[in-house]
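Biologist: Could you go through this model with me, a topic at a time?

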Amino acid sequence: MMRDWLLALAQALIFIALAPLLAGWVKWVKCHLQNRVAPPLWQPYRDLRKLMAKEVVIAEQASPIFRAVPYIVFSSTLMVAAVIPSAMINLPTSRVGDVIVLVGLLALGRFFLALAGMDIGTAFGGMGSSREVTVASLAEPAMLMAIFTLTMTAGSTNLSAAIDHILASGFVLRPSFAFALSGLVLVAIAETGRIPVDNPATHLELTMIHEAMILEYSGRHLGLIEWAAQIKLMIYGVLLANIFFPWGIATRHSAGWLLVGSLVIGLKLVLLGLCLPVAETVMAKMRLFRVPQYLSLAFLLSLLGMLSHIILEAG
Amino acid sequence: MSRFDWLSEWLARCEDEHILIRRGSARTLAPAHLVECDPEDWGRIAAVARDFGCRWVALWGSDEGGEETPALGVQVAFEYGGDHLVVRTRVPRATPVLSSHSPWFAAADRPERHCQDLFGVVFLDHPDARRWTRHGAWGDGDYPLRKDFAAAGQPPAETPPDQDYPFLAARGEGVYEIPVGPVHAGIIEPGHFRFQAVGETILNLEERLGYVHKGIEKIAEGRTPEALARLAGRISGDTTVAHAWAACMALERATRTPVPGRALFLRALAAERERIANHLGDIGAICNDVGFAFAQYQFSRLREDWLRGNQRLCGHRLLMDWVVPGGIARDPDPSALAAMAAELDRLEAELAELYAILDDNPSLEDRLSGTGRLTEATARQLGTLGYVARASGLAFDLRAQAPYPPYDTLEVEVPVLEQGDVLARVRVRREEIRVSLALMRRFLAELPAGEIRQPLAPAVAGVEGLGLVEGWRGEILAHVRLHADGTIDRFFARDPSWLNWPALERIVRNNIVPDFPVCNKSVNGSYSGQDL
């Protein structure tokens, strides 16, 4: 039992330690696709170290919420990272919360980030918060719907159990999964603030969503928020990889298997990290008022997934 | 073609309105005509010009001095059929009052406030009494461009914050304001934008410029012509060739100095190179503003190669200080000229490849098409210039309608589109690159040999000249008046941004807030050029 908890702890630590590397990888691929000289893969670590060492500048009008938010956001994201099965299933942490709790934890972080955006009272922060909440209110139902499709197949809202079920039933082509996967991909792009919904690389405040909320942050506060964003990107990557392509995840508990599981999920993320920049390079960012249509499509796909499960697969 | 065949009818209309035209001269500001009128008739001049269908070009003041009754001069330039007409009046410095032209020409609004701020000329019936160029650093009675005001100014201990500027206010449920700038993220010039928005829709945008006022007009006074050309080349760094050319053209016309043909061809080559460099950079930047970074990097690369070509040609990446009074500073290395033909072919081939990628991208077209529309009527009303006007159906281009040497020897194609949106502005600029490349090929093929510089002829006190050059943003007007020793008495340069900035306020209305950056970039007014 003790060993399982240690393995869970190790899995979580590996997860948050490698999240900046995934961000670095995505950036590296993107640079190469755009014919640029890429920064080294470990550049996000350097940036984080720089931010952690820097002085924090806080507006005079800031309330305690503003100071607390980076820690809330980071810890809620950390919780999700600890609970989702990345390298190994059936760890004790996976029983801490099911999918609905995970979505709730992410929503909690976002809620506080939106509060912090409005806290200082600058126009950009409020604008970012308003856009973020608009996007979230449409993305979350779509995400829940996609995940419900999966959990209905598995008969459990626990991710670990669901993955176990999928592994046990072998490779089956399910139309419901194809729909849910498409829906979840669209949601993941919106939730992690990537093109075509948001542009993480822009300096134009008026076009920002996520970045607009955190414009006033500096130093270790900004570092924590950036790190949390990198972990979040990895969370969605792991969700997509492990729900729909769970093969290779470790089912037995030992340090060796943890290593193998980590390598496998790492490989899957490397592949996912190739697809994301390709999409980001060939597409322009869409108009903000198209985002609701885009997320409606995500919801529709997820709903179709659920319907096809009920009509074609259930019973 | 007989120029100014309309002027007699214009004068007849003035007569009908009982406007007394004092003097006229076809030589003083040739090829523009100069007429003088009484200050009482000033406002009606605008009415006649508007009814006649003239385009409003520029307004600038001047201190006319005078021992007994010191006077201020005010001149306004109109254009009709490619001909420029300058109307001048004098008002006593003690009571400098004129009627405003703004009720007839919206374009006159900011230039009149500029003149009011810096010369103290009061424009009656002006719809907007707020200061424009003169921010809080100057007191109420300070008029920096009057001759009795020291060039060093009276620097206050600390410039008071400019926080009481009464922006237009909007009320109503859900209406909120977004102040942006003057300091922006990214390396761009300072300017303040005040948005009133409902949700994500822009109800109104108000610009507040003047943060990069450098006192160009004041520090030009007393300079030698060579120093003026250097200064003019720094009015707006991205338009250094065209501004320097306009200033030199004004100097050369004032002193009646003929410019060697080789120098004119090389100036035109430089101006076209400047146009292409800016168009390349901006097309990439527009794509980047909608999150299509690929284009940004490709066009930046092309622009960088192009700037290196500039370096080989004249020793400066932006071609700064190559245009000097009487010609150009240095003859280019023959090898640089020889290499240029291949450079043009290479750029054309690379652009064809890139355009194919851009045209094949629906997500890009979706963002640019229909965004930031400027109707032809509004563009005409505001006197918009350059590619902004040409994307909205107005075909004005000095190189075609009022060609100056060396453009007078050839036909310049003017690409015009009707849609008036961001996409049309991008397309017009793409076409302009093509036209510029063709022009450059002709210039290279026909480049005459010989002198590259003719010394300026000696000046007579009070001679003046008007330079008109089509810069990459549009028509640039420069006015120069000289002292007897050949130094500068008065210099004024009107960058096309004066007339394009107001268009941006209209362009973004009813667009969404996140589309402002791309609309702004598609117009790309110069802050420095309009702040002077």
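Biologist: Which residues does B:I202 touch, not counting residues up to four places away in sequence?

Modeller: B:I202 touches B:F195, B:A197, B:V508, B:R509, B:N510, B:N511, B:I512, B:V513 and B:F516, where contact means that the C-beta atoms, placed from the backbone, lie within 7 Å. This is a predicted model, in which local features need pLDDT of at least 70 and side-chain atom pairs count only at pLDDT 80 or more, while totals for chains, interfaces and linings use all residues. Residues are numbered from 1 along each chain as its sequence is written, and chains are lettered from A, with ligands numbered from 1, in the order in which they are written.

Biologist: And is B:I202 buried or exposed?

Modeller: B:I202 is buried, because 22 other C-beta atoms lie within 10 Å, and the cut-offs are 20 or more for buried, 12 or fewer for exposed, and partly exposed in between. B:I202 sits in strand β10 (residues 201-208) of chain B, strands being DSSP runs of E with at least two residues and helices runs of H or I with at least four, numbered from the N terminus.

Biologist: Switching topic, how many residues of chain B are in contact with chain A?

Modeller: On chain B there are 23 residues in contact with 22 residues of chain A. At least two residues each come from β8 (175-180), α8 (293-314), α10 (362-368) and α16 (516-523) of chain B.

Biologist: What about α7 of chain A, how many of its 17 residues are buried?

Modeller: In α7(A), 14 of the 17 residues are buried, leaving the helix mostly covered, and A:G193, which follows α7(A), has a positive phi near 65°.

Terms used: Two residues are in contact if their C-beta atoms, placed from the backbone, lie within 7 Å.
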